[in-house]
Amino acid sequence: QVQLVESGGGLVQPGGSLRLSCAASGSISSIYAMGWYRQAPGKQRELVATITSGGSTNYADSVKGRFTISRDNTKGTMFLQMNTLKPEDTAVYYCNADYRASSSGYVYPRSSWGQGTQVTVSS
């Protein structure tokens with residue numbers, strides 16, 4: 001089992017910065033990928049950035065060059081550094097972990113989600 005807890009959300013002015021943190025607990029060694037997603041009011045949840053255990057990253061075009069995802073595999077901690085924030089970045093941000101679980105000798109993929117943290121960009 002993997003459990004996630006997030007922190008770092010808040011209110012920031014346009015052009016400002018925030019750093020989100022996601023702490024994983026449980027079977028952190030089984031995590032092979034983590035990511036950040038966000039959902040704005042009235043919109044579908046969208047992928048922001050992902051990172052694998054090997055350090056490979058990808059970003060949504062809307063945040064590329066402004067956001068940076070990182071991960072400490074040994075501690076099970078993931079970060080999202082958000083710079084040059086825009087009002088359209090306002091959303092609830094969710095931490096996600098994809099990991100390997102097993103049952104009756106079979107290995108299967110499973111996902112865990114954080115509770116979400118509110119990011120509001122407004123002057």
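Me: Leaving aside its neighbours within four places in sequence, with which residues is Leu 80 in contact?

Reply: The model is predicted. In this model, neighbours within four places in sequence are set aside for Leu 80. The residues that remain in contact with Leu 80 are Leu 18, Arg 19, Leu 20, Trp 36, Val 48, Ala 49, Phe 67, Thr 68, Ile 69 and Tyr 93.

Me: Which residues of the largest nonpolar core touch the most other members?

Reply: In soluble globular proteins, nonpolar side chains tend to be buried together. Here the largest nonpolar core holds 31 residues. Those that touch the most other members are Met 34, Trp 36, Leu 80, Met 82 and Tyr 93.

Me: Which element gives the largest share of this core?

Reply: Elements that give two or more residues to the core include strand S1 (2-7), strand S3 (18-26), strand S4 (31-39) and strand S5 (46-52). Also among them are strand S7 (67-72), strand S8 (77-82), strand S9 (91-103) and strand S11 (117-121). The largest share, six residues, comes from S9.

Me: How many residues apart are Cys 22 and Cys 95, and which strands hold them?

Reply: The structure holds one disulfide. Cys 22 and Cys 95 form this disulfide, with their sulfur atoms 1.9 Å apart. The pair links distant parts of the chain, with Cys 22 in strand S3 and Cys 95 in strand S9, and the separation is 73 residues.

Me: Is the disulfide of Cys 22 and Cys 95 left-handed or right-handed?

Reply: The handedness follows from the torsion about the S-S bond of Cys 22 and Cys 95. That torsion is about -75°, so the disulfide is left-handed.

Me: Is Cys 22 buried or exposed, and is Cys 95 buried or exposed?

Reply: A residue counts as buried under 20% relative accessible area. Cys 22 has 0% relative accessibility and therefore counts as buried. Cys 95 has 0% relative accessibility, so Cys 95 likewise counts as buried.

Me: Is Thr 84 buried, partly exposed or exposed?

Reply: Thr 84 lies in the loop between S8 and S9. Although Thr 84 is not a glycine, its phi is positive, about 50°. The relative accessible area of Thr 84 is 45%, so this residue is partly exposed.

Me: What is the relative accessible area of Ser 104?

Reply: Ser 104 is placed in the loop between S9 and strand S10 (106-113). Its phi is near 55°, a positive value in a residue other than glycine. Residues over 50% count as exposed. Ser 104 is exposed, and its relative accessible area is 71%.

Key
Residues numbered from 1 in each chain as written. Predicted model: local features only at pLDDT ≥ 70, side-chain atom pairs only at ≥ 80, totals over all residues. Heavy atoms only, no water. Core = buried A, V, L, I, M, F, W, Y, C linked by side-chain atoms within 4.5 Å. Buried < 20%, exposed > 50% of the residue type's maximum accessible area, 1.4 Å probe, protein only. Helix = DSSP H or I, 4+ residues; strand = E, 2+ residues; numbered from the N terminus. Contact = heavy atoms within 4.5 Å. Disulfide = S-S within 2.5 Å.
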